Amino acid sequence: MIPPFNRTPQSENDILLCSVCAQLDFYRILLYSIHELESIPLGPLSSILEKSYQCSFCRLISLYVRRTRILESFPHIDLSEIECGVYAMNCGALRRGPYPPLRYYASKFGRPVDLHGRMMKNTVDIGLVKKWIKLCQENHGDKCRNVWGVDRNLPAFVRVVDVVSMAVIPAPSGCRYVALSYVWGGNGGEYWTTQDNIAERSTPGGLNGANLPDTITDSISFVRQIGERYIWIDALCITQDDSQDKISQLHAMDLVYGLSYFTLIAAGGKTARDPLPGCRSQTRTPQIHIEVVQGLHLFVAPPRIVEALASSTWNTRCWTYQESALSCRRIYFTEQQVYFECRCQVFCEGIVAESKADSSTSFLRLPRGEYFPASTDSFQSYESAVKKYTRRNLTVESDIVDALTGVTNALVAAFGLGDPTKVFQYGMMLTELHRALLWQHDPQTPRTRRSLAEGSNSSWPSWAWATWRGAVIYMGRGVYRQTRVASYSSEAPVDETLIDAWYIVDRSGNIVQLDVRRVSRVYWIEEEQPPYSSPGGILDPTEVTRDIRRPLEPGTLIFRTTSNHFDIARRGGEENEESSPADYYGLFDILTTSSPPTWVGTVILPMDPAPPASIELIVLSRCDGVDGVYDQKSLKHYHGCLLHVMAVSKNEGLMERVGLGVIHIVAWVASTPEEKVVFLR
């Protein structure tokens, strides 16, 4: 039988507790655990914050609330309406779970110190970091080997910094090296490797550490301390003013980060001139607040990796996404402490949680979702990467494709997709083009084209997400049921491909056929009278381009499909109560041109400029039906009753993507659409 968790205040330790907390038996709470559904009430949050100056436990709660900045995120919430309670997770109970509680002193329970607090010093414990790496290396096997699961080698042109001889040298064959991920934070011409200094830096002692910023000098020092010899640092290992070298190196980023012994992540600074916190003295001040509660030393656990990185500049940069996602082991230097993360475990300085297990149930283990590949399905891995990547920022907008090349190259290698230059163009996965085209803008992002590099002789195509600024989401059909565009993502399914052959104008101006995977045709003849018939046959692009009176720009897609015009009306009317001033995209009902009109589908369109009363739609693919996207009194719901359609505008015979939607297939057939060869720019 488990003793009660409430008690009668009886010791001088209770003097430091409020009347509510003094009635709790913290010893038994930590000993046996309390399920979340049976938590002990502590009262409203407002009361806890008011008592924090006199009650030790309320003070700990207050410190945590203020550290997470929850109050800043919801300034208008009435704190008196937020009821709080205390419970203990299984990992924090001695007799109900495998781990002892999070507590400063483990000896009172006569148990080992696993999952207890650990005092941090002003500098990181190098021996502890070595222990983390060794635990992973010796116990996790292929899980933490690399993203491909097979042996691969660095190309001969990749260089590394030899931290012993202080020289930039070609990476020795099969060498073990560390990769650095950090934020440049501006121009670094004074310390970059260039064509003028590459020869000098290639000789022993030629790399002068006095000219390097703190992030880089601290990283080199840390690698020495850890007992490694080589480190890859982009500013030093890539000749920054040699465009050919940069292109070659950038296309090897999947190998550079994927094969690294570990990646050192400088997440504690805003520029390369900031130090690695804890790498040397006076670069950090550990902040651990301990309260004595009923003789137990309790403290607010340090933030997990997700929390620690949430406010970091490093976590906002596009370039650092692939550097993290492709690395099997990561050591983070944050403002709070140093963390180790691999595919199996998470360790940190502030909590004793080291284990030989190849999986973790520790509360520290909160996956960040950046492991690669994210799925056994190549497109789902791509879709996940695009969603996370496009929420980050770039200094040079035209880098949007280059900064993801490491991930796309790794996808090609991991899934055996072929030639990366044929599988991916403009950031789009061409082998899954029927699915890749179904991206949507984040509703809070204006529809604005990216600025391309100076000297670019053509714009990027409208059908590619990389052409547009801001976050991109792949959404399921459920988004079309709403009254405003939501920013959540889900799989955008395709049940049947309806375009026989796709062509693209390559960068040389040649028209080439794409190798797009087809989804097996599934028939729903019974409900469709007549059924939808997609235009078939192989195109002769040289024939169909004669009507276009100007040269086709690279990136133009050419394919045969059906097209028609439909009226549209804003979902919920122009004064949609659920819309937000920050919404740049709206849901529109697709209507027949008959009188009275019939609601036959739904499309998402940009709000600025205001869309016309009628739009042209072209068919892309077929998908399963979903309620709430057309008039179900007029049109029957059945398996596979929807078409994915693209809203387009036309200019001199070329089409551009404007929006995306779904329409009932019976209504589409009834509208007598026109077969058309589309030139989508």
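Biologist: What should I know before we start?
Modeller: This is a predicted model, where local features need pLDDT of at least 70 and side-chain atom pairs count only at pLDDT 80 or more, while totals for chains, interfaces and linings use all residues. Residues are numbered from 1 along each chain as its sequence is written, and side-chain values use heavy atoms, leaving out hydrogens and water.

Biologist: How many helices and strands are there?
Modeller: The protein has 18 helices and 26 strands. They are DSSP runs numbered from the N terminus: H or I over at least four residues for helices, E over at least two for strands.

Biologist: How do you know that the span of helix α3 agrees with its number of residues?
Modeller: The expected span is 1.5 Å times one less than the number of residues. Helix α3 has 13 residues (56-68), so it should span 18 Å, and its end C-alpha atoms are 19 Å apart, which agrees.

Biologist: Which residues of α3 are called buried?
Modeller: Ser56, Phe57, Cys58, Leu60, Ile61, Ser62 and Val65. Buried means under 20% relative accessible area, exposed over 50%, and partly exposed in between, using a 1.4 Å probe and protein chains only. In the whole protein, buried residues make up 54% of the 681.

Biologist: What makes Trp132 and Phe340 a tilted aromatic pair?
Modeller: Rings of Phe, Tyr and Trp (its six-membered ring) pair if their centres lie within 6.5 Å; planes under 30 degrees apart are stacked, over 60 edge-to-face, and the rest tilted. Trp132 and Phe340 are 6.4 Å centre to centre with 40° between the planes, so they are a pair, and a tilted one. Trp132 lies in helix α5 and Phe340 in strand β11, so the pair ties together parts 208 residues apart in sequence. Both residues are buried, too.

Biologist: What makes a nonpolar core?
Modeller: Buried Ala, Val, Leu, Ile, Met, Phe, Trp, Tyr and Cys residues joined through side-chain atoms within 4.5 Å. The largest has 154 residues, and Trp463 is among those touching the most other members.
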